[in-house]
Amino acid sequence: IFFSQYVMTLRQRLTRSASNPFGHLARHASVVRRVHGAHTQTHGLHTPLGLDYLVTSYNAVKAEHSAGREAVTYTNPCTVFCTKELNLGYASTYGFDFDYTLAQYTPALLDLIYDMALKVLVTHKNYPMDPTLKYDPHFAIRGLHFDVKTGYLFKMDAHRTIQVDCVYAGRTKVDPNRVYARYNGSTVSQDYIKTNMFQLNDLFGIPEACLIADVVQYFRDQRLVYDPYYLLEDVRDAVRTVHLDGSLHAAIAADLDTYLSPNPQLKSFLETLNADGLNLFLLTNSHFPFVNAGMQKILGTNTDDWRSLFKAIVVKARKPKWFASHTPFRRYETSTGMALWEKVTHFSPGDVYMAGNFTDFTAITGWQRSKVLYVGDHIVSDLEDANLRHGWQTAGIIKEVEAEVEMQNSAEYQSTLRFSQQLERLMGLAQCNPDPHVQLLKSQMKNERNEARRQLFRMANPTFGSVFRANQLPSFFCDKAISLCHLYTSQVENLGLYPRQYTFYPGRVYLQHETPVTLPNFTQTTPTNTP
């Protein structure tokens, strides 16, 4: 109706006066004001739709969802996603972290970390816990926050809004009304986050989150008085201990078949980069014997000839301090395990170095920082300073991307998401009509929309949902990750699926006031071997 009135009035105006070739621009604006104003006087920006129209539309949406549809879009899980325009050919230097970057561990490692940290709590910190507790792989996800004031574990969205439907005190779900009361709403300030919250950003943090929840639950069940701050401090110290005292690395190295698998695709990718004349370096916080054993297993070799792939190998780097410190490099003697005393003035391919800092690294190598692409898994330790402080290009290895893309490729996910969005559109149209029957229909649609959201939530993780999304918004973790990663993907070798001169073009991010442009679908809708 609005469009018909607009066209009729515009034609009348243009017919009456064609003498002024530019006057129609001003007249066009007045037409919009007059026709639009006729509706906005009583109903704001929206014209209320009648009950019959809404019921018909609602029934059509329900019928389509009930009938089910095949998946209409497909994204290769090995795709490298970009957040800025980036040409791979511009990067002359590739740097890599080791843990969860070059080394992609099996899920058994998370069980091991949980078991060893729990043992430290029981034997060294005298926690009265059941030492036979086991890690629950279905509970926690990456990126959760733990509040040291309340003892709550939860996920937040990009606007610092707590997802009140997944807040836990230990393993007990907290009533949303209690959450609202405790935080005076659901949105928390940046100052409160910095002062009272700890975020678990990497994959090592998943068993840590599970252990925190189990400890809190035990204290609640036993009615023991506790301060969440000290529980977090002790659990973090236990996890840190098994990393720093070498016990975790020793357990992995003693059973590499359980925790690591050979990766011939990675070996081929690194060899191709070398053949193309690129500079490769390894920068890791792990110590050399563990890295050496891991690289031999991953690349399928019984010697340390893998070192020839890298022009610089830096171990025990202490990231993120490495990016701001002034600690000098020391050469590590691989045959004796000793750190040598002479000043390091150059890097020899195949040699190993310890500690150091970004400034000396840049001076010694002479590599232009804007042409460095550094690949790591931890968005803070690996990528934050590399990106913001020093201008390296960054690529995040986020293992969960693969599983989430596979989920989104399913017909069930796409159908449920489409149903949820269609209901939201109808709810928006219905709210302008005060008819009680329309409002009753709107309430019914809202209930079904909420159930569809819960289904999408459970598809990703039954407890905390998607790592990357909090309903309509990116999660707090995702928002931070995409601000620090120029590229992100699930595995390092996925970068090798693209030509060396390939340019990544990010999709246009439409703002709420912008109208998306519909483009033809040039991509394949069936699985292929390459993105």
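## Contacts of Asp136

Leaving aside residues up to four places away in sequence, Asp136 touches Arg171 and Cys210, a contact being heavy atoms within 4.5 Å. Asp136 belongs to the loop between helix H4 (108-123) and strand E4 (145-147); helices (H or I, at least four residues) and strands (E, at least two) are DSSP runs, numbered from the N terminus. The C-alpha atoms of Asp136 and Pro207 are separated by 8.1 Å, although these residues are 71 residues apart along the chain.

With a relative accessible area of 23%, Asp136 is partly exposed. In this scheme buried means under 20% relative accessible area, exposed means over 50%, and partly exposed lies in between (1.4 Å probe, protein chains only).

## Basis of the model

The model is predicted: local features need pLDDT of at least 70 and side-chain atom pairs count only at pLDDT 80 or more, while totals for chains, interfaces and linings use all residues. Residues are numbered from 1 along each chain as its sequence is written, and side-chain values use heavy atoms, with hydrogens and water left out.

## The chain as a whole

The protein chain contains 18 helices and 19 strands. Of its 531 residues, 47% count as buried. Among contacts between residues at least 6 apart in sequence, 75% join residues at least 24 apart.

The chain exposes about 26,900 Å², and carbon and sulfur atoms supply 53% of that area. Accessible areas come from the Shrake-Rupley method with a 1.4 Å probe; for residues, only the protein chains shown count as cover.

## Backbone features in loops

A cis peptide bond, with omega of about 10°, joins Lys319 and Pro320. Pro320 lies in the loop between strand E10 (312-315) and strand E11 (329-333). Arg318 is placed in the loop between E10 and E11; it has a positive phi of about 65° although it is not a glycine. Arg318 is partly exposed, with a relative accessible area of 33%.

Asn184, also a residue other than glycine, has a positive phi near 55°. It sits in the loop between helix H5 (176-183) and helix H6 (190-196). Asn184 is exposed, with a relative accessible area of 74%.

## Cysteines

The count of disulfides is zero, a disulfide being a pair of cysteine sulfur atoms within 2.5 Å. For Cys485, the closest cysteine sulfur is in Cys478, at 9.6 Å, which is too far for a bond. Cys485 is buried, with a relative accessible area of 1%, whereas Cys78 is partly exposed at 23%.

Rolling a probe the size of a water molecule over the atoms shows where empty space is left. On a 1 Å grid over the protein atoms alone, a cavity is a set of points where a 1.4 Å probe fits but cannot get out, and lining residues have an atom within 4 Å of a point. Grid points are joined across faces, edges and corners, and a volume is the space filled by probe spheres set on the points. The count comes to one cavity of 30 Å³ or more, and the largest cavity has a volume of about 40 Å³.

The lining of the largest cavity consists of Glu64, His65, Gly68, Arg69, Ser415, Arg418, Phe419 and Gln422. Helix H3 (51-67) and helix H16 (411-430) each supply at least two lining residues, and the largest share, four residues, comes from H16. By class, the lining has one nonpolar, four polar and three charged residues. Here Ala, Val, Leu, Ile, Met, Phe, Trp, Tyr, Cys and Pro count as nonpolar, Asp, Glu, Lys and Arg as charged, and the others, Gly among them, as polar.

Conventions
1 Å grid on protein atoms, 1.4 Å probe; cavity = no way out; pocket = protein on both sides within 12 Å on 5 of 7 lines; lining within 4 Å.
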